[in-house]
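Here are some notes for a colleague who is opening this entry for the first time.

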Amino acid sequence: MSLPKIKTVRAYFAGGATADKAAAGGDYHDQGANHWIDDHVATPMSKYKQYEQSRQSFGINVLGTLIVEVEADNGQTGFAITTGGEMGCFIVEKHLNRFLEGRCVSDIKLIHDQMMNATLYYAGSGGLVMNTISCVDLALWDLFGKVTDLPVYKLLGGAVRDELQFYATGARPDLAQQMGFIGGKMAVQWGPHDGDEGIRKEVARIAHYRESCGPDFWLMLDCWMSQDVNFATKLAHACAPYNVKWLEECLPPQQFEGYAQLKQQAPQGMLITSGEHHGTLQSFRTLAETGIDILQPDVGWCGGLTTLVEVAALAKSRGQLVVPHGSSVYSHHAVFTFTNSPFSEFLMTSPDCSTLRPQFDPLLINEPVPVNGRMHKSVLDKPGFGVELNRDGLKRPYQH
Ligand SMILES: C[C@H](O)[C@H](O)CC(=O)C(=O)O
Ligand SMILES: [Mg+2]
C-alpha cells in the first residue's frame, strides 16, 4: 500500500495566563474563577502563604494549550493537543518539523526516536519539551489513523476489552458515585507545613466521603508532589481505617528513593502510585523499580503514545499496572489495548463536578465522555483519535 508523505507541520496555541479561558482546553488547569481544580489544592508551593489558595497564583496555567497539526501531501490532516502553549509552538516550527516533513506518514517510530535524541541536550526527562514531542507524536498517530481509515486503538493491535470502566477525579466523590463511576479521587488540600492538623483535616474529608459513599466505593487521594516521605507515611496510616485505595504522586518526580521508602512504609494493601510528571522510558524504568503499584504516564506529557506503549510493556513485564493520567481520547485508545490497565481516569473539568464536561472542552469536537462510568470501544470507531479541532481563537506565532 502506498502511503502519503508528510507535507507540513503547523503549531498553534490557545489560552495561557492572560487569555480567554473559553479557548483553553488542552491545559486543563487553565480554567476560570471558582473552579475546584484551583481551590486550595496542596502543591510544592503551598508552604508559601501567598501561593496556598490558588495554583494559578504561582502560574500553573501560564503555558496554555499547544495544538500540533500535521498535513499529508494528499491533503489529509491529523492533530493533537497538550499543555505547551506558545513555547511549544517554537519547538515544533523551529526544530522538530525537520524530522517530519517529507517522511512517510507511517514513519512514526523513526520520527519519535529522532525527536527524542535531537532534544536530549535540552529536553530533560519531563516537562515542556517532552509535552511538545508527545503532541507531535499524537498528531502523527491521528494522521496515520485518518490515512488508513482506522481508529488508533486498532492500529495498536486492537482492544483487549469491550468496555472501559472509569474512576473520576474531582472534588465530589459522592456525585461521581451517582454518575456511575467506580471511584473518586480527590486532591489533598493540606501538606507538611500544616503538620498533624493538616493530616486530621484530610482524614476528616475522607471519613466524610467514606460515610456518604459506603464501604465499597473506591476513594483515592492525589497529592500533586506536595509531600515528603514522613508526612505521606503518616497520612497513609491515618487514612487506612477508611480504606483509601491509593495515595498518588506524594513526592516530586525525581525522588525515586523516597517513593521506594514510602512503598515499604505504607499500610499493607494501600497502593502507591505516580508518574504523570515523568517523561521518557528511562525515567519510568527507574520509577517502576521503586516498587510502586501503578504507573500513571500522561500520554500528552510522557513522550506520546509511542512512549506510553513502551511504558505499558515495561509495567506489564514487572506485574505492575499502567493507568494513564486522564487524557481523554488520547488515553482511551491506548488503554483499550493494554492488558494491565483494568480501569481508567476521567478528570472532571466542570467547575463544581456536578456535570460531565469533556476534559478538553471546548477544543475537541465530538469528545466522548463515559456514560454511567463506562465507555464501549465502539465509541472510538472513527479514524484516528476520532475527534475534530475547534479552531476558534487559535494563534500560530511561528511559521516556517
Ligand atoms: C487534582 C490534581 O491536583 C491534578 O490537577 C490532576 C491530577 O493530578 C490527576 O488527575 O491525577
Ligand atoms: Mg495525579
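**Salt bridges, cavities and pockets**

1. R396 is partly exposed, with a relative accessibility of 24%. Its side chain meets that of E93 in a salt bridge, at 2.8 Å from N to O. E93 belongs to helix 1 (residues 85–94) and R396 to the segment after strand 14 (388–389), so the bridge ties together parts that are 303 residues apart in sequence. E93 itself is buried, at 2% relative accessible area. Note that the model is a predicted one.

2. The structure holds 20 salt bridges. A second one to look at joins E71 and K7, whose side chains meet at 3.3 Å, N to O. This pair links distant parts of the chain, as E71 is in strand 2 (residues 65–72) and K7 in strand 1 (residues 6–14), 64 residues apart. E71 counts as buried because its relative accessibility is 14%, under the 20% limit.

3. E69 and R10 form another salt bridge, with 3.2 Å between the closest N and O atoms. Here too distant parts of the chain are linked: E69 is in strand 2 and R10 in strand 1, 59 residues apart. Are these two residues buried or exposed? E69 is buried, at 4% relative accessibility, and R10 is buried, with a relative accessible area of 14%.

4. K7, R10, E69, E71 and R391 are linked in a network of salt bridges.

5. How many cavities of 30 Å³ or more does the structure hold? There are 4 of them. By class, the lining of the largest cavity is made up of 7 nonpolar, 3 polar and 5 charged residues.

6. The second largest cavity has about 70 Å³ of space. Its lining numbers 14 residues, with T82, D298, W301, S327 and F360 closest to the centre. Strand 3 (residues 77–83) supplies the largest share of this lining, 3 residues. In the lining of the second largest cavity, 6 residues are nonpolar, 7 are polar and 1 is charged.

7. Of its 18 lining residues, L63, T83, N131, H277 and W301 lie nearest the centre. The lining of the largest pocket has 8 nonpolar, 8 polar and 2 charged residues. W301 is named among the residues closest to the centre of the second largest cavity and among those nearest the centre of the largest pocket.

8. The second largest pocket holds about 290 Å³ of space. It has 15 lining residues, of which H112, M116, T280, L281 and Q282 are the closest to its centre. Which elements give two or more residues to the lining of the second largest pocket? They are helix 2 (108–118), helix 3 (120–123), helix 10 (281–289) and helix 11 (305–317). Helix 2 provides the largest share, 5 residues. By class, the lining of the second largest pocket has 5 nonpolar, 7 polar and 3 charged residues.

Terms used:
Residues numbered from 1 in each chain as written. Chains lettered and ligands numbered in written order. Predicted model: local features only at pLDDT ≥ 70, side-chain atom pairs only at ≥ 80, totals over all residues. Heavy atoms only, no water. Salt bridge = Lys/Arg side-chain N within 4 Å of Asp/Glu carboxyl O. Helix = DSSP H or I, 4+ residues; strand = E, 2+ residues; numbered from the N terminus. Buried < 20%, exposed > 50% of the residue type's maximum accessible area, 1.4 Å probe, protein only. 1 Å grid on protein atoms, 1.4 Å probe; cavity = no way out; pocket = protein on both sides within 12 Å on 5 of 7 lines; lining within 4 Å. Points joined across faces, edges and corners; volume = space filled by probe spheres on them. Nonpolar A, V, L, I, M, F, W, Y, C, P; charged D, E, K, R; others polar.
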